[in-house]
Amino acid sequence: MQLQLSRAFSALEEEQVYQIIDEHLAISGDPLLIVNELSTGMEKVGQLFKDDEYALGELIYSGEIFKGAMEKVKPFLKEGDDKPLGKVIMGTVEGDIHDLGKNIVITLLECSGFQVIDLGVDVPASKFVDAVRETGADLVGMSLLLTTAMDSLRQAVKSLNDAGLRSRVKIMIGGAPTSERLKEDVGADFYGRDAVEALAIAKRFFNQ
Amino acid sequence: MKAHERIAATVSLQCPDRVPLAPLLDHWAAPYAGITNAVLMNDSEQRFNAVLKTAQDFRWDMTFLADTANVTLLKAGVPARIKLPGIDLPENSTHQFDEIGAMKDEDFDILEKDGILGLGTVLIPRIYPEMNIEQTLMDVDQAGRQITDQAIKLRAKGIEPAVGFVIPGPSFEYFCFARSVNKALLDIRKHPAKMKSAGKRFCEDILGLAILTSSQNAIQRVFIGLSRSSPVFLTSKHFEEFILPELDFLVNGLIDADITPVFHCDTNWTKFLHYFKRFPKARCILELDSFTDIFKAKEVLGDHMAIMGDVPSTLLAEGSKGEVLDYCKRLIETIGKGGGFILSSGCSIPLNAKVDNVMAMTEATEKWGWY
């Protein structure tokens with residue numbers, strides 16, 4: 001089952017993925033083995049994206065397959081089996097309602113075992129502060145598409161600084177107008193050029 | 001040379017007297033002209049006055065008529081719910097689209113059978129319950145007449161209007177708005193045949209509309225939106241299967257009607273640049289938004305089509321005047337070498353662009369742009 005499942009997943013063979021899972025569960029196979037294989041498959045998808053063989057369409061489709069697969073597996077997991085690798089807050093900053101990039105990052109994070117608190121779009125700076133306080137998340141992802149939203153990004157980072165939370169939380173930024181230069185300028189910690197880089201940042205940060 | 005001659009020479013890959021200057025203008029005209037963005041989007045006369053003032057003050061050769069900030073056209077042409085400044089957003093914000101996924105699976109059949117008008121009859125009331133297709137068509141007709149008049153006024157001032165019609169792109173681009181990006185990307189795998197047959201009808205209808213409208217307003221250039229069909233979203237395999245056949249149809253149909261296609265390429269198209277070599281030489285404009293490697297574009301397509309771009313929006317908003325001047329000089333000296341280059345902003349000038357930085361594009365053109 002092992003290699004078959006991760007291969008079928010990375011090849012985006014949706015029906016084959018579900019069939020292998022059904023067969024494995026039918027013989028009382030270990031559900032955690034399935035989760036591990038799906039994660040391996042997802043890593044391979046990420047690598048294919050980095051190698052330019054896959055595009056965002058494939059990332060999004062892999063997320064769909066992953067969700068379908070987990071729906072089958074979840075009833076068989078015991079409490080504690082799906083303990084998250086880390087907690088990440090995600091949001092598109094105030095004045096911007098674009099969510100495509102943010103949602104792809106969320107899909108990859110969730111598929112890789114992270115718990116994501118999605119604040120949605122057009123998120124005011126104070127909401128990032130509240131969410132950090134309430135959830136105790138260690139990493140915050142801020143997304144934007146509009147050039148005009150760069151000031152909101154600045155404000156959101158500043159609010160976390162002013163609230164005295166920056167010693168316990170790191171900030172990663174991403175989206176069309178973002179760059180290493182903007183990261184330095186606003187005082188964020190990480191810049192992810194794309195969703196796969198954002199996932200790599202989270203993995204490094206949480207030592208995974 | 002007059003502005004229109006300069007543009008024509010550039011498109012036909014002859015050397016004009018200097019590099020033409022034609023930034024993409026929509027929302028930025030509002031703060032520059034001292035009106036709110038809500039007014040710019042809703043009031044045709046004030047929008048045109050703001051466009052004219054901007055194009056004249058900055059001595060542009062060609063300008064967009066802020067078509068992408070025209071509420072009537074946006075509501076009729078983009079099948080997603082628009083959030084408007086002054087209503088849903090602060091009155092000086094840029095409009096944004098909420099892709100609510102108004103188009104259902106069964107609507108592919110409606111599009112294939114009844115065309116864009118049939119689909120619009122179903123979608124418009126779903127997106128805007130207060131609107132209907134009859135009123136929408138009347139509004140679009142009126143907007144079309146206004147654009148025709150505005151093009152005449154603009155030309156009387158020696159400025160060329162940029163495009164006479166906006167094609168959202170191959171049908172996949174339209175479906176990304178109508179279905180949502182995620183769904184349209186999944187449709188490629190789940191409903192490929194429906195996408196293709198409905199897409200064929202979409203292209204037939206939109207091409208007909210583009211040719212008709214351009215003949216009415218006498219602006220012989222048509223914008224083709226290319227954003228979600230880029231290599232960022234699609235693999236070569238899917239691009240060749242779903243996008244290229246439709247692009248071939250649209251581009252050749254426009255050129256047969258003596259219209260210049262303007263490829264408005266958002267995001268990074270570097271990997272797909274070679275595909276544009278298939279289109280007729282010296283008949284198209286490739287317009288880049290700064291995410292595509294414009295220097296690579298010159299290498300691949302410089303002897304094949306005019307290139308337009310690409311002062312980054314972040315540079316216009318956050319950079320210094322010196323940085324803008326340096327970048328424009330580099331563009332003029334490399335992309336503009338031998339002709340075939342229109343200096344422009346990378347996508348629309350952002351609302352928060354500095355006036356000095358926009359003027360730097362003009363100064364660079366007038367200082368270094370002469371051949």
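Me: Why are α2(A) and α4(A) called roughly parallel to each other?

Reply: In this predicted model, the axes of helix α2 (residues 14-26) of chain A and α4(A) cross at roughly 15°. Angles under 35 degrees count as roughly parallel, and α2(A) and α4(A) are therefore described in that way. Their axes come within 10 Å, and the crossing of α2(A) and α4(A) is right-handed.

Me: Which residues make the contact of α2(A) with α4(A)?

Reply: From α2(A) come A:E14, A:V17, A:Y18, A:I21, A:D22 and A:L25, while α4(A) supplies A:I65, A:G68, A:A69, A:K72 and A:V73. By class, the residues of this contact are 7 nonpolar, 1 polar and 3 charged.

Me: What makes α3(A) and α4(A) roughly antiparallel to each other?

Reply: Helix α3 (residues 31-50) of chain A and α4(A) pack at an angle of about 180°, and their axes are 11 Å apart. Angles over 145 degrees count as roughly antiparallel, so the term applies to α3(A) and α4(A). On the α3(A) side, the contact includes A:P31, A:I34 and A:F49; on the α4(A) side, it includes A:E58, A:L59 and A:S62. The residues of the contact of α3(A) with α4(A) divide into 11 nonpolar, 1 polar and 1 charged.

Me: What part does α4(A) have in the side of chain A that touches chain B?

Reply: In total, 16 residues of chain A are in contact with 24 residues of chain B. Helix α4 (residues 56-73) of chain A gives the largest share of the chain A side, namely 6 residues. That side of chain A consists of 10 nonpolar, 4 polar and 2 charged residues.

Me: What makes β2 and β5 of chain A edge strands?

Reply: Each of them, β2 (115-118) and β5 (190-191) of chain A, pairs on one side only. They belong to an open sheet of 5 strands with parallel pairing, in the order β2-β1-β3-β4-β5 (chain A).

Me: How do you know that strand β1 of chain A is joined to β2(A)?

Reply: Pairing requires at least two bridges, and 4 bridges join strand β1 (residues 87-92) of chain A to β2(A). The two strands run parallel.

Me: Which strands does helix α9 of chain A lie across?

Reply: Helix α9 (residues 195-205) of chain A lies across β1, β3 (139-143), β4 (170-174) and β5 of chain A. The helix runs at about 170° to β4(A).

Me: How is chain A divided into domains?

Reply: The assignment gives domain 1 (2-76) and domain 2 (87-205), with C-alpha centres 27 Å apart. Their contact takes 10 residues from domain 1 of chain A and 9 residues from domain 2 of chain A. On the domain 1 side, α3 and α4 of chain A each supply at least two residues. That side divides into 6 nonpolar, 3 polar and 1 charged.

Conventions: Residues numbered from 1 in each chain as written. Chains lettered and ligands numbered in written order. Predicted model: local features only at pLDDT ≥ 70, side-chain atom pairs only at ≥ 80, totals over all residues. Contact = placed C-beta atoms within 7 Å. Nonpolar A, V, L, I, M, F, W, Y, C, P; charged D, E, K, R; others polar. Axes fitted to C-alpha atoms, helices over the stretch in contact; angles between N-to-C directions. Parallel < 35°, antiparallel > 145°, perpendicular 65-115°, else oblique. Left-handed = near helix turned anticlockwise from the far one by under 90°. Domains from an automatic or database assignment.
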